[in-house]
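My notes follow the structure.

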Amino acid sequence: QLQLVESGGGLVQAGASLRLSCAASGRTFTNYDVAWYRQAPGKERTFVAQIRYNPHSTFYTDSVKGRFTISRDNSERTVYLQMNSLKSDGTAVYFCAAKGKFTPSFAYDLWGQGTQVTVSS
């Protein structure tokens, strides 16, 4: 299976930018779709963005469109989430998730441990 490790979280002010990384190890990375989810305090985990295995098509939840960008570097086995114009509601633990390319849409079943992002207003 694929193992996922997130990094890049931290404390930033509202309006700032942050880039999260998700490093993968194990199986063939190019066979996996990868997504970012987040879980705010006291709330359920929600979808943020995903990038397909090929041809790297992307999809975002409405609240982050135009501010967040997901990308992947297969040679580095890493997926990134560039977050611009962060808002206080962006405070959450951000999780990287993966699924095999033939697994049904949004049925992510491999998860990292998460990285904390705190946005101060």
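Are Asp33 and Lys99 buried or exposed? I looked up both. Asp33 is buried, and Lys99 is buried too. The model is a predicted one, and I kept that in mind throughout.

**Entry 1: the Asp33 pairs**

I started with Asp33 and Lys99. They form a salt bridge, with 2.7 Å between the closest N and O atoms. Asp33 sits in strand 4, and Lys99 sits in strand 9 (residues 92–100), so this pair ties together parts 66 residues apart in sequence.

I then checked how far Asp33 is covered. Its relative accessible area is 0%; the cut-off for buried is under 20%, so Asp33 counts as buried.

Next I asked what else pairs with Asp33. Arg52 also forms a salt bridge with Asp33, and the closest N and O atoms are 2.8 Å apart. This pair links distant parts of the chain as well: Asp33 is in strand 4 (residues 32–39), while Arg52 is in the loop between strand 5 (45–51) and strand 6. Arg52 has a relative accessible area of 26%, so I logged Arg52 as partly exposed.

**Entry 2: the remaining pair**

How many salt bridges does the rule give? I got three. One of them joins Lys65 and Asp62, with the closest N and O atoms 3.0 Å apart. Lys65 is partly exposed, at 47% relative accessible area. Asp62 reaches 60%, and the cut-off for exposed is over 50%, so Asp62 counts as exposed. I also traced shared partners: salt bridges join Asp33, Arg52 and Lys99 into one network.

A reminder to myself: side chains of opposite charge can pair when their charged atoms come close.

**Entry 3: Thr61**

Where does Thr61 lie? I found Thr61 in the loop between strand 6 (58–60) and strand 7 (68–73).

Thr61 and Tyr37 are 24 residues apart along the chain, and their C-alpha atoms are separated by 10 Å.

Note on methods. Residues numbered from 1 in each chain as written. Predicted model: local features only at pLDDT ≥ 70, side-chain atom pairs only at ≥ 80, totals over all residues. Heavy atoms only, no water. Helix = DSSP H or I, 4+ residues; strand = E, 2+ residues; numbered from the N terminus. Salt bridge = Lys/Arg side-chain N within 4 Å of Asp/Glu carboxyl O. Buried < 20%, exposed > 50% of the residue type's maximum accessible area, 1.4 Å probe, protein only.
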